[in-house]
Amino acid sequence: MKAAAAPSPLLEAQALRVEYRAARGLLARDRVIAVDDVGFSLDPGETLGLVGESGSGKSTLARAILRLVPVAGGRVLWRGEDLLRWDRRLLREQRRGMQIVFQDPFASLDPRMTVVETIEEPLRIFEPALGRRERHARVLGMLERVGLGAGAMHRYPHEFSGGQCQRIGIARAMMSEPQLLVCDEPVSALDVSIQGQIVNLLADLQRESRIALLFISHNLSVVRHLSHRVLVMYRGRLVETATREALFAAPRHPYTRALLAAVPRLPRPGIDPFATPAPVAAALDAPAAPSVGGCAYRERCPFAAPICAALAPALEPVEPDHAVACHRLEAQAP
Ligand SMILES: Nc1ncnc2c1ncn2[C@@H]1O[C@H](COP(=O)(O)OP(=O)(O)OP(=O)(O)O)[C@@H](O)[C@H]1O
Ligand code: SF4
Ligand SMILES: [Mg+2]
């Protein structure tokens, strides 16, 4: 009997690189390499957490895979096709399958549009033949799924709280029935008391619709609560990728270990992750000084050795589904 074929990834990034022009006078060089040699894959229905301190390139990576920022190198495969080669027409058509929810719920909604206008817009684009009555019925169904009722339809964003605006943003993103939802810090602008509701809403939608989530967060507890696998980013590079269980039980990269050690108490999965807010420690943030060659973490790493300055470590598997970019794993206690 033939073995079952492994599911093919929904999305795959290979050696992805994104550069920005630096503000004049900021650096001697005129480029910031925001994402450098990043590769990962995401299966249908999977939740991938992405963590790293401020400025590490998380939003840039999220935008690059959706082609919202120019990509300087590498490939992004969507169902096996290189989306960086798509023309504008094809990109517009395929956008239906990949949606994004942003951090600031107010800024991501048009203040001049009512809720129904906001949420029905993707239907107007992707299903232009649909009549008004049918569109409004679909909007109403989606509003109910995200926990808002018919009373929200003809109101404007300023009439809603931050959490309600985020529900509207999620409803809009879900309207085109995407296979991938990228959530870029979707709860960090909200009150802690509201964050859990929005995270639980995303988890419910993910389960019901079997969509894949790329979930970016500073909050390690939330990432632990939601993710099947986790990517850890440091200054534009992935330093560790692992299943949720392996990453939180046996982190291997010195940076990941420092991140986890800085969290006061991580609740176990299934326990309310909002009981103890556990942000990626601001104390670990450092000015994003450029590292020329070598390991970008070396100025802060207690295990740094001459090889760390000479050569950038590649992300290498240490176990199935667990990869680490570090030259000196043997120097650290397991
Ligand atoms: N439009 C831009 N022009 C120039 N540099 C940029 C631009 N956007 C981001 N950068 C730089 O790229 C790097 C990565 O930024 P990015 O916003 O992707 O990080 P992040 O991990 O999402 O941070 P945060 O957690 O604060 O949202 C940073 O050094 C940032 O200053
Ligand atoms: S490669 Fe060297 S500097 Fe970088 S994390 Fe490993 S030991 Fe530390
Ligand atoms: Mg960001």
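How far does a polar side-chain atom of Lys58 lie from an oxygen atom of ligand 1? In this predicted model, the separation is 2.8 Å.

## Ligand 1 and its surroundings

Around ligand 1 there are 14 residues, and those that come nearest are Ser54, Gly55, Lys58, Ser59 and Thr60. Three of these are described here through their side chains. Ser54 places a polar side-chain atom 2.5 Å from an oxygen atom of the ligand. For Lys58 the corresponding value is 2.8 Å. In the side chain of Ser59, an N or O atom is 2.9 Å from an oxygen atom of ligand 1.

## Overall make-up

The protein chain holds 10 helices and 12 strands. It has 334 residues, of which 48% are buried. When contacts between residues at least 6 apart in sequence are considered, 67% of them join residues at least 24 apart.

Strand 3 covers residues 47–51, and five of its five residues are buried. In a regular strand, side chains alternate between the two faces of the sheet. For strand 3, one side carries Thr47, Gly49 and Val51 and the other carries Leu48 and Leu50; all are buried, so that both faces are covered. Strand 3 pairs with strand 8 (residues 212–216) in the parallel sense, over four bridges. Within this pairing, Thr47 has Leu213 as its bridge partner, and Leu50 has Ile216. Strand 3 also runs parallel to strand 9 (residues 229–234), to which four bridges join it. There the bridge partner of Gly49 is Val230.

Strand 8 is largely enclosed by the rest of the structure, because five of its five residues are buried.

Strand 4 (residues 73–78) and strand 5 run antiparallel and are joined by two bridges. In one of the pairs, Trp78 has Glu81 of strand 5 as its bridge partner.

## Helix 4

Helix 4 spans residues 132–145, which makes 14 residues. From its first C-alpha to its last it reaches 20 Å, close to the 20 Å expected at 1.5 Å a residue. Which residues of helix 4 are buried? They are Arg135, His136, Val139, Met142 and Leu143. These residues lie on the same side of helix 4 because they cover an arc of only 125 degrees around the axis. On the other side of the helix, Arg133 and Glu144 are exposed.

The buried residues of helix 4 pack against two other helices, helix 3 (115–126) and helix 5 (162–174). After helix 4 comes Gly147, which has a positive phi, near 90 degrees.

## Thr114

Where is Thr114 placed? It is in the loop between strand 6 (98–101) and helix 3. Thr114 counts as buried because its relative accessibility is 7%, and the cut-off for a buried residue is under 20%.

Which residues does Thr114 contact, leaving aside its neighbours within four places in sequence? The contacts are with Met153, His154, Arg155 and Tyr156.

Note on methods: Residues are numbered from 1 along each chain as its sequence is written. Chains are lettered from A and ligands numbered from 1 in the order in which they are written. This is a predicted model: local features need pLDDT of at least 70, side-chain atom pairs count only at pLDDT 80 or more; totals for chains, interfaces and linings use all residues. Side-chain values use heavy atoms; hydrogens and water are left out. Buried means under 20% relative accessible area, exposed over 50%, partly exposed in between (1.4 Å probe, protein chains only). Two strands pair if DSSP finds at least two bridges between them. The expected span of a helix is 1.5 Å times one less than its number of residues. The arc is that of the directions from the helix axis to the C-beta atoms. Contact means heavy atoms within 4.5 Å. A residue is near a molecule or strand if one of its heavy atoms lies within 4 Å of it. A polar contact is a pair of N or O atoms within 3.5 Å; within protein, one must be able to donate a hydrogen and the other to accept it, and residues adjacent in sequence count only if both atoms are side-chain atoms.
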